[in-house]
Amino acid sequence: MNAPSPVDIDIISFKECPWRKGPSGEKVMEWRADCRGTFRERFELEHFPFDIQALTITVSCNRPSSEVTLHEDCYTGAKSILRNQFMVMTDFDLRGPFMRSDIHMERKEYSLLHIYCIGQRRAGYYLWNICPTSC
């Protein structure tokens, strides 16, 4: 896992969603929580200062995928957003979040949700201020 310390989770609610049904008419359960944590990602710096980095958090469940499927809630057309107050990386522009559902590769019975952002280094600063002085 890429969290160097435990993730704080405050459960807001866990309940059956009365106004939604699954594709076959089954019940839809809704779990909402506020999560706060620090995560690490290995930098894959290859084309400085034009670096692009994927930053990924994977959410899993210990229930079989036949019981629980994790996915982004796009039922009403709403999408997840990346709030500006959470962006502390001044050298990078972040796009996303993007989400992709998956099944655990080794133990295929567990559902996964990959949440990722794309970070792109702001190359202009380096091109105008660093490169001319070092050449």
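A residue counts as buried when its relative accessible area is under 20%, as exposed when that area is over 50%, and as partly exposed in between. Keep this scale at hand during the tour, and bear in mind that the structure on screen is a predicted model.

**Second stop: the open sheet**

Next, colour the strands β3, β5 and β4, which make up an open sheet of 3 strands, arranged in the order β3-β5-β4 with antiparallel pairing. At the edges lie β3, which covers residues 52–64, and β4, which covers residues 92–103, and each of these pairs on one side only. If you look along the sheet from one strand to the next, the twist averages 15°.

Now select β3 together with β5, the strand of residues 110–121; these two run antiparallel and are joined by 10 bridges.

**Third stop: charged pairs**

Side chains of opposite charge can pair when their charged atoms come close. How many salt bridges does a search of the whole structure find? The search returns 5, and the tour visits some of them.

Begin with lysine 27 and glutamate 16, whose side chains meet in a salt bridge with an N to O distance of 4.0 Å. Lysine 27 belongs to strand β2 (residues 27–36) and glutamate 16 to strand β1 (residues 8–21), so this pair ties together parts that lie 11 residues apart in sequence. With a relative accessibility of 59%, lysine 27 counts as exposed, whereas glutamate 16, at 35%, counts as partly exposed.

Move on to arginine 63, which forms a salt bridge with glutamate 67, and whose closest N and O atoms in this pair are 2.6 Å apart. The relative accessible area of arginine 63 is 41%, which means that this residue is partly exposed.

Then select aspartate 93 and arginine 122, where the side chains meet in a salt bridge at 2.6 Å, N to O. Since aspartate 93 sits in strand β4 and arginine 122 in the loop between β5 and α1 (123–134), the pair ties together parts that are 29 residues apart in sequence. Aspartate 93 is partly exposed, at 38% relative accessibility, and for arginine 122 the value is 38%, which again counts as partly exposed.

Is serine 13 buried or exposed? Its relative accessible area is 18%, so serine 13 is buried. Apart from neighbours within four places in sequence, serine 13 is in contact with Glu30, Trp31 and Arg32.

Finish at phenylalanine 39, which is found in the loop between β2 and β3. This residue is partly exposed, having a relative accessible area of 31%.

Conventions:
Residues are numbered from 1 along each chain as its sequence is written. This is a predicted model: local features need pLDDT of at least 70, side-chain atom pairs count only at pLDDT 80 or more; totals for chains, interfaces and linings use all residues. Side-chain values use heavy atoms; hydrogens and water are left out. Two strands pair if DSSP finds at least two bridges between them. Helices (H or I, at least four residues) and strands (E, at least two) are DSSP runs, numbered from the N terminus. Axes are lines fitted to C-alpha atoms, for helices over the stretch in contact, and angles run from 0 to 180 degrees between N-to-C directions. Buried means under 20% relative accessible area, exposed over 50%, partly exposed in between (1.4 Å probe, protein chains only). Contact means heavy atoms within 4.5 Å.
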